[in-house]
Amino acid sequence: MSHESKSKKGLLPRHLLAIESSCDETAAAILSHGEVIESNIVSSQVKIHREYGGIVPEIASRKHLEAISLVVNEAIEHAGIEIADIDAVAITQGPGLVGSLVVGLSFAKAFAMARGIPFTGVNHLAAHLASIFLESDTPGFPFIGMVVSGGHTSIYRVNSMLSMELLGRTRDDAAGEAFDKVAKILGLEYPGGPVISHLATKGDPAAFDFPRAMLPDTPLDFSFSGLKTSVLTTVRRLENDRSHLPVEDLCASFQEAVVDVLVKKLIHAARDNGIYEVVVTGGVAANSRLRQRLSSEAGREGIEAFFPSPGYCTDNAAMVAVAGLHQLKAGIEARVDADVYSRQFS
Ligand SMILES: Nc1ncnc2c1ncn2[C@@H]1O[C@H](COP(=O)(O)OP(=O)(O)OP(=O)(O)O)[C@@H](O)[C@H]1O
Ligand SMILES: [Mg+2]
């Protein structure tokens with residue numbers, strides 16, 4: 001990428017400040033000596049966006065602007081250090097909402113320039129994949145990594161934290177987006193994932209036979225828009241009959257269809273690549289049905305499944321710190337003219 005420069009010597013920061021602002025969470029973390037997350041502060045705007053049934057980008061950027069100094073100060077205080085102790089900054093550069101990313105990147109640049117310290121721009125998906133290294137139980141390289149979140153559903157062969165090959169991605173909706181849209185159809189609150197997974201525990205996963213898009217020609221790609229439409233058609237039919245809407249069964253059956261596809265494709269990717277460690281990251285990785293089914297089905301194939309703890313699945317800055325640390329150690333620093341990017345390139 002053109003906005004990066006490689007310094008001759010890598011850097012192991014004593015206290016790395018990491019910031020995340022790609023979507024609707026303003027987050028900051030301090031990683032000390034490349035090992036310890038001293039603080040991890042997440043300020044979520046979810047209650048504000050809930051009123052609108054989804055994220056309103058203009059509101060998101062304004063709220064980031066209000067929150068960012070407070071969140072960074074809280075992270076520094078919580079870590080028990082001084083601003084002067086920070087010797088590098090890692091910042092999410094993209095993909096995400098442009099207005100939100102700009103707030104974080106501008107803050108990080110100003111902070112780093114004022115103090116004369118380096119900063120590095122982190123890819124949000126690489127940060128999600130790096131979240132597994134916040135745990136004590138970690139995979140070796142290469143591993144198969146999946147990011148399954150509000151905006152992405154992609155499978156990678158992860159050779160190192162600096163080298164990832166895209167093996168497959170969604171052609172339309174992301175899995176988290178499908179959870180959010182189905183929640184809206186069912187009149188449930190935003191974000192849909194937590195509420196659907198909760199209601200699903202009381203429903204029958206076999207009550208409705210929703211479609212599973214397996215896409216045999218490109219078996220590692222995904223498509224969730226047909227599933228969402230099928231839930232919508234079913235709900236309309238049930239409403240026409242004026243019967244009571246079986247929300248719990250609908251949630252359980254929808255969730256089962258998503259989980260079926262994710263588990264099958266992830267195991268397929270592992271087998272195809274002869275790699276027996278798989279990592280699932282991003283907001284949907286917090287889903288307990290997915291965690292339970294992947295662990296047991298992968299286990300039967302001799303594949304070990306790794307998940308970050310639920311707090312590290314959704315957006316946070318601790319994962320940005322881990323990804324940023326690897327870049328700084330490799331001497332990858334951003335230049336002052338670095339810009340944000342809204343979409344993933346590959
Ligand atoms: N328990 C759960 N089950 C299923 N989905 C969940 C669960 N918890 C959260 N989600 C989903 O995760 C998504 C949020 O995850 P995350 O914060 O990683 O996404 P994002 O940052 O908005 O998107 P991206 O990372 O692609 O830019 C939402 O779509 C939400 O519904
Ligand atoms: Mg995310």
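The following legends describe close-up views of a predicted model.

View 1. Strand β6 covers residues 119–123, and five of its five residues are buried. F119, G121 and N123 point one way from the strand, whereas T120 and V122 point the other way. In a regular strand the side chains alternate between the two faces of the sheet. Strand β5, residues 88–94, pairs with β6 in the parallel sense over five bridges.

**View 2. The buried face of helix α6.** Helix α6 comprises residues 192–200, and G192, G193, I196, S197 and A200 are buried in it. Seen down the axis of α6, the buried residues fall within an arc of 115°, and therefore they line one face of the helix. An α-helix has 3.6 residues a turn, so residues three or four places apart point the same way. Among the elements that cover the buried residues of α6 are α5 (175–185), α8 (247–273) and α9 (288–300).

**View 3. The shell around ligand 1.** Around ligand 1 there are 25 residues, of which G150, G151, G176, G193 and G283 come nearest. The elements giving two or more residues to this shell are α4 (124–130), α5 and α6. By residue class, the shell holds six nonpolar, 16 polar and three charged residues.

**View 4. Two cis peptide bonds.** The peptide bond from F141 to P142 is cis, with omega near -10°. P142 is placed in the loop between α4 and β7, the latter covering residues 143–148. A cis peptide bond also joins Y190 and P191, with omega of about -5°. P191 is found in the loop between α5 and α6.

**View 5. Two residues with positive phi.** H33 is a residue other than glycine, and its phi is positive, near 55°. H33 lies in the loop between β3 (25–32) and β4 (36–44). Because H33 has 11 C-beta neighbours inside 10 Å, it counts as exposed; the limit for an exposed residue is 12 or fewer. L215, likewise not a glycine, has a positive phi of about 45°. The loop between α6 and α7 (225–240) contains L215. With 15 C-beta neighbours inside 10 Å, L215 counts as partly exposed.

Note on methods
Residues are numbered from 1 along each chain as its sequence is written. Chains are lettered from A and ligands numbered from 1 in the order in which they are written. This is a predicted model: local features need pLDDT of at least 70, side-chain atom pairs count only at pLDDT 80 or more; totals for chains, interfaces and linings use all residues. A residue is buried if 20 or more other C-beta atoms lie within 10 Å of its own, exposed if 12 or fewer, and partly exposed in between; C-beta atoms are placed from the backbone. Helices (H or I, at least four residues) and strands (E, at least two) are DSSP runs, numbered from the N terminus. Two strands pair if DSSP finds at least two bridges between them. The arc is that of the directions from the helix axis to the C-beta atoms. Two residues are in contact if their C-beta atoms, placed from the backbone, lie within 7 Å. A residue is near a molecule or strand if its C-beta atom, placed from the backbone, lies within 6 Å of it. Ala, Val, Leu, Ile, Met, Phe, Trp, Tyr, Cys and Pro count as nonpolar, Asp, Glu, Lys and Arg as charged, and the others, Gly among them, as polar.
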